[in-house]
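Q: I have a structure open and want to learn to read it feature by feature. Where do we begin?

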Amino acid sequence: MSSIFSLEQYREKACKQLPKMVYDYYAGGASDEITLRNNDRAYDRLAIRYHVMQDVEDRSLSISIGGERIDCPILIAPTAFHRLASEQGELDTVRAAGNAGTVMILSTLATTAVEDVVAAASGPVWFQLYVYRDRQATRDLVRRAEAAGCSALVLTADAQVWSVRERDERNGFTLPEGISMQNLEASGKPTFPETEGSGLGAYVEQNFDRSLKWSDLDWLAGLTDLPVWIKGVVRGDDARRAAEHGADGVIVSNHGGRQLDTSPATITVLPEIVQALEGTGTEILMDGGIRRGTDVLKALALGADGVCIGRPILWGLAANGQAGVEDVLRILANELDVAMGLSGVTSVDDLTPDLIAPVAE
Ligand SMILES: Cc1cc2nc3c(=O)[nH]c(=O)nc-3n(C[C@H](O)[C@H](O)[C@H](O)COP(=O)(O)O)c2cc1C
Ligand SMILES: CC(C)CC(=O)C(=O)O
């Protein structure tokens with residue numbers, strides 16, 4: 001019987017177990033970490049106007065996303081370097097995703113090869129793509145993800161320029177011996193350059209394509225038959241443009257407060273994006289600061305088709321490998337189930353915006 005009941009307890013456990021350099025990299029945000037904090041707090045400013053007397057005996061959390069039916073509307077956001085948290089890294093994560101009945105979005109910067117991750121999966125794996133200045137390296141990533149059996153691509157659009165991450169600069173964040181970015185082995189970019197500050201910062205500056213623009217979304221959509229999502233959108237007009245340029249889905253995200261500090265908390269911009277995409281058929285996921293089932297309920301009620309979580313997965317992974325990730329997903333799904341029942345709702349489709357109101361000050 002586990003003595004951990006909340007995602008916050010997993011964070012505390014991971015904090016005790018991980019080396020400071022790794023914990024700081026996972027936990028940290030950009031600059032003053034204002035967006036990092038606001039992502040989380042913004043949920044507290046929303047109240048759930050629940051219904052009573054609705055017969056909530058039979059409830060289901062299942063959703064359709066990207067053409068597949070999954071058991072749980074909480075997906076795994078792409079996060080880099082899982083082998084800094086557990087020996088098996090991304091293999092632990094993907095096995096947990098399968099057992100929880102959800103999707104894992106695998107980072108370009110994974111420390112396990114995409115082929116091995118998909119081979120260990122029992123559910124869908126999507127591939128998150130960073131666009132490299134070296135377009136051949138980028139094409140190779142797309143071809144590998146396709147050949148491995150990934151079922152969607154997620155283009156991250158909010159990290160063309162490396163942000164200011166003081167914790168990583170101070171700690172000289174780097175990858176230990178024996179851990180590398182295995183999807184970049186073939187193109188010769190699997191490790192960070194030598195530097196005194198953040199090795200990741202230097203890597204991004206050297207390799208990521210800062211000229212990324214809307215026409216590159218057309219390029220990517222033309223390059224692959226896989227559905228293409230765009231991640232990092234916080235405005236309605238950008239969401240609309242994404243749809244016009246062939247995106248099948250949009251992930252409302254500010255990169256967990258790790259890129260542009262003082263960018264808005266994602267839950268506050270979700271309604272604008274839902275409205276902008278009305279009638280387009282473009283699907284919507286959102287992430288940032290989701291730590292309780294009530295947070296998930298609020299995002300789904302305000303129009304997200306599903307949500308993603310980033311850091312809590314890493315805390316579960318650090319605390320107890322695959323079993324830790326499964327427990328994190330179980331805890332959050334259970335909290336969502338309870339919140340739905342207490343709101344008088346039995347299916348995700350029945351979560352509607354009228355359930356949510358600003359907290360009266
Ligand atoms: C340690 C860490 C690494 C991340 N790496 C990536 C990445 O490789 N690609 C990406 O698109 N987003 C990355 N993200 C952002 C997440 O996908 C996601 O947007 C964010 O973590 C959501 O916020 P949350 O951590 O509050 O749930 C990373 C986030 C963290 C915390
Ligand atoms: C290349 C970086 C932007 C990796 C990442 O997504 C992160 O650390 O937030």
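A: With an annotated residue. This is a predicted model. UniProt, in an unreviewed entry, places the feature "active site" at His255. Such annotations may be inferred rather than shown by experiment.

Q: Where does His255 sit relative to the strands and helices?

A: His255 is in a loop. Strand E9 (249-252) lies on one side of that loop and helix H11 (266-276) on the other.

Q: Is His255 buried or exposed?

A: Count C-beta atoms within 10 Å; 20 or more means buried. His255 has 26 such neighbours, so it counts as buried.

Q: Which residues does His255 touch, beyond those up to four places away in sequence?

A: Asp158, Ala159 and Gly232.

Q: Which residues surround ligand 2?

A: Read the shell as a list, then by class. His255 is in this one, together with Ala80, Leu109, Ala159, Leu200, Val204 and Arg258. Five residues of the shell are nonpolar, one is polar and one is charged. Ala159 is a contact of His255 and also part of the shell around ligand 2.

Q: How many residues surround ligand 1, and which are the closest?

A: There are 23. The closest are Ala77, Ser107, Thr156, Gly256 and Gly310. By class, the shell has 11 polar, eight nonpolar and four charged residues.

Q: Now a helix. Why is H4 described as largely enclosed by the rest of the structure?

A: Apply the burial count residue by residue. H4 spans residues 90-100, and nine of its 11 residues are buried, so the rest of the structure largely encloses it. Among the buried ones are Leu91, Val94, Ala96 and Ala97. Charged residues can be on such a list too: Glu90, Asp92 and Arg95 are buried in H4.

Q: What covers the buried residues of H4?

A: Look for the elements in contact with them. The cover includes strands E4 (74-76), E5 (104-106) and E6 (125-129). It also includes helices H5 (114-119) and H13 (311-343).

Q: How do the axes of H4 and H13 relate?

A: Take the distance, then the angle. The two axes come within 8 Å and cross at roughly 10°. Angles under 35 degrees count as roughly parallel, and H4 and H13 are therefore roughly parallel to each other. On the H4 side, the contact is made by Asp92, Thr93, Arg95, Ala96, Asn99 and Ala100. H13 contributes residues including Ile313, Leu317, Gly321 and Val325. The contact residues divide into six nonpolar, four polar and four charged.

Q: What comes just after H4?

A: Check the backbone angles there. Gly101 takes a positive phi of about 75°.

Note on methods: Residues numbered from 1 in each chain as written. Chains lettered and ligands numbered in written order. Predicted model: local features only at pLDDT ≥ 70, side-chain atom pairs only at ≥ 80, totals over all residues. Helix = DSSP H or I, 4+ residues; strand = E, 2+ residues; numbered from the N terminus. Buried ≥ 20, exposed ≤ 12 C-beta atoms within 10 Å, placed from the backbone. Contact = placed C-beta atoms within 7 Å. Axes fitted to C-alpha atoms, helices over the stretch in contact; angles between N-to-C directions. Parallel < 35°, antiparallel > 145°, perpendicular 65-115°, else oblique. Near = placed C-beta within 6 Å.
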